[in-house]
Amino acid sequence: MSAHPLRLRVNGRPVELADVPVTERLLDTLRGRLDLKGTKEGCRTGGCGACTVLVDGRSTLSCLTLAQEAAEAEITTIEGVGSDAEGHRVQAAFEAVGAVQCGYCTPGFVMALTGLLKERGAAAPFGEFLEELGGNLCRCTGYGAIVRAAAALRAEAASR
Amino acid sequence: MADLDLVTPATSDEAVAALRTLPPEETAILAGGTDLLFDLEEGRLSARHLLSLRRLPWRTLDWNGPTLTIGSTLPLRTLELDPEVRTRLPGLLEGVRAVGSVALRHRATLGGNLGRSAPASDLVPVLLALDAEVELLGPTGTRTLSVDRFVQGSRRTARGPSELIRAVRIPEARPSAYVLQRVRPFHDISHMAIAVSFSPSDRRWRVAVAGFPPRPILLPEAATFLGGEHPDAPAVLRAAQEITERAPIVADRRASEEYRRQLVRPLLERAVRAATGGGG
Ligand SMILES: Cc1cc2nc3c(=O)[nH]c(=O)nc-3n(C[C@H](O)[C@H](O)[C@H](O)COP(=O)(O)OP(=O)(O)OC[C@H]3O[C@@H](n4cnc5c(N)ncnc54)[C@H](O)[C@@H]3O)c2cc1C
Ligand code: FES
Ligand code: FES
């Protein structure tokens, strides 16, 4: 079987890989080939959100996306999201309210909320924030602090 | 898992050409992949070729008067954010919003949901209640089939081995609703669901129930009990009784038959109330 080269843009940089199997998931390409281990693997079946990245600015489950399907797309991971204005705001909100305990789920939550801010703006109804968060699981925080971080992001947008 | 060879047609003609040459029994069709990657990983598919629909110009949403045509590869999230879908097809909006999470809906498609044809699909019952049709594209052209004829059972559809789902057509914007019973409010699979619509042209209700095998079903007899545009409480109760007593509701590993039959009345009441403007 012939080689499958792959070109991606990850965190603003072009990436060229000589041969990425068609069945390889974006999650494994990011963690295994590009050493971007901030993106976490939880369930590998779309149920936990730990693997969430942005593909062309939209929250996407990297465990359910073939790397080859992201060819030419712009991918943002937790390693790159801090240099994005919305991403930085989400990180600061998580820190301010103490929404991080063990931290395993945190990259996924940060990427999901950053994606929502990009797609819908910080003034989106709060129900949309909760709906976005509904795709991510956290075993430590009981979600209270994470929901407070989301509420703070909306309040901050309203006062800007 | 052995690696596959990837085919990514960029036009409908290229897709048809690919369908003519690839052996159907060795070809997996990939839209969003949210169902297919499971099957690939579990070794359920003996595919050697992966036909990706990613580059096809089918991510479309077209309103033509009352009719909505949805390209099969349009991400569900785009459908859900369309302002006209929100106001003109509220039942479709609720069905879409019930599918997985936002991040999942950025990739999952309507074509994939029909292709998988799951008994607990949140979209099949809505499409049934809305009289939707599936447009199939094959080596010899296109044909159109009602969703009711297309969907046959879990992983079973009327799709020919070399056909692609090209689009889904909903003939008219309608008062409609979709309500479901599940354990968690987001990102959970339904135990039982009801979709309803009222057609302004033939002035009839459609009622579909879903969540149990083998597939979501339309219940035309029960729907006649609802009568006209604004069913009163006794009419809804009679329709609910008809469904509870006669619909082929069964148990599976997610819920018992008795529980599901008890859910009929509250779900139908909520669905009719939502579709007639009374809120869900
Ligand atoms: C965590 C999780 C939660 C989910 N929750 C729900 C839910 O709440 N409700 C629900 O209804 N579903 C749910 N699903 C199932 C799935 O996400 C949906 O069925 C989705 O709509 C499938 O779309 P896709 O584009 O990802 O399909 P794919 O996985 O790409 O394809 C699914 C099947 O259809 C075939 N196919 C795809 N497109 C075409 C086409 N155009 N022509 C012919 N065949 C085609 C494929 O070959 C495959 O067999 C969930 C899945 C996961 C992983
Ligand atoms: S690892 Fe992707 S959703 Fe859990
Ligand atoms: S902080 Fe530990 S899983 Fe969320």
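This is a predicted model: local features need pLDDT of at least 70, side-chain atom pairs count only at pLDDT 80 or more; totals for chains, interfaces and linings use all residues.
Visitor: Let's start with the fold. How many helices and strands does chain A have?

Guide: Five helices and five strands. Going along the sequence, the order in chain A is β-β-α-β-β-β-α-α-α-α. Chain A has a radius of gyration of 16 Å, close to the 15 Å from the globule rule for 160 residues, so chain A is as compact as a globular protein of that length. Its C-alpha trace spans about 55 × 30 × 25 Å along the principal axes.

Visitor: And what does the secondary structure of chain B come to?

Guide: Chain B comes to 12 helices and 14 strands. Its radius of gyration is 19 Å, close to the 19 Å that the globule rule gives for 280 residues, so chain B is as compact as a globular protein of that length. The box filled by its C-alpha atoms is roughly 60 × 45 × 30 Å.

Visitor: How do I read burial for a whole chain?

Guide: Look at the share of residues under 20% relative accessible area. In chain A, 55% of the 160 residues are buried. For chain B, 54% of the 280 residues count as buried.

Visitor: What about the contacts in chain B between residues at least 6 apart in sequence?

Guide: Of those, 60% join residues at least 24 apart. In chain A, residues 24 or more positions apart account for 57% of the contacts with a separation of 6 or more.

Visitor: Can we zoom in on one residue? Is A:Thr39 buried or exposed?

Guide: A:Thr39 is buried, because its relative accessible area is 2%. You'll find A:Thr39 in the loop between α1 (26-33) and β3 (52-55) of chain A. Beyond its neighbours within four places in sequence, A:Thr39 is in contact with residues including A:Leu27, A:Leu30, A:Val53 and A:Ile78. A:Glu79 is 40 residues from A:Thr39 along the chain, and their C-alpha atoms are separated by 8.4 Å.

Visitor: What should I look for in the backbone?

Guide: For A:Arg44, phi is near 65°, a positive value in a residue other than glycine. A:Arg44 also lies in the loop between α1 and β3 of chain A. Over in chain B, phi of B:Arg203 is near 55°, again positive in a residue other than glycine. B:Arg203 sits in the loop between β12 (192-198) and β13, and counts as partly exposed because its relative accessibility is 44%.

Visitor: Which peptide bond is cis, with omega near 0°?

Guide: The one from B:Pro213 to B:Pro214 is cis. B:Pro214 is in the loop between β13 (205-210) and β14 (217-218) of chain B.

Visitor: Now the charges. How many positive and negative side chains are there in chain B?

Guide: Chain B has 36 positive and 33 negative ones, and the centres of the two sets lie 2 Å apart. Chain A has 17 positive and 19 negative side chains, with the two centres 4 Å apart.

Definitions and conventions:
Residues are numbered from 1 along each chain as its sequence is written. Chains are lettered from A and ligands numbered from 1 in the order in which they are written. Side-chain values use heavy atoms; hydrogens and water are left out. Helices (H or I, at least four residues) and strands (E, at least two) are DSSP runs, numbered from the N terminus. The radius of gyration is taken over C-alpha atoms; the globule rule is 2.2 Å times the number of residues to the power 0.38. Buried means under 20% relative accessible area, exposed over 50%, partly exposed in between (1.4 Å probe, protein chains only). Contact means heavy atoms within 4.5 Å. Lys and Arg count as positive and Asp and Glu as negative; His and the chain ends are not counted. The place of a charge is taken as NZ of Lys, CZ of Arg, CG of Asp or CD of Glu.
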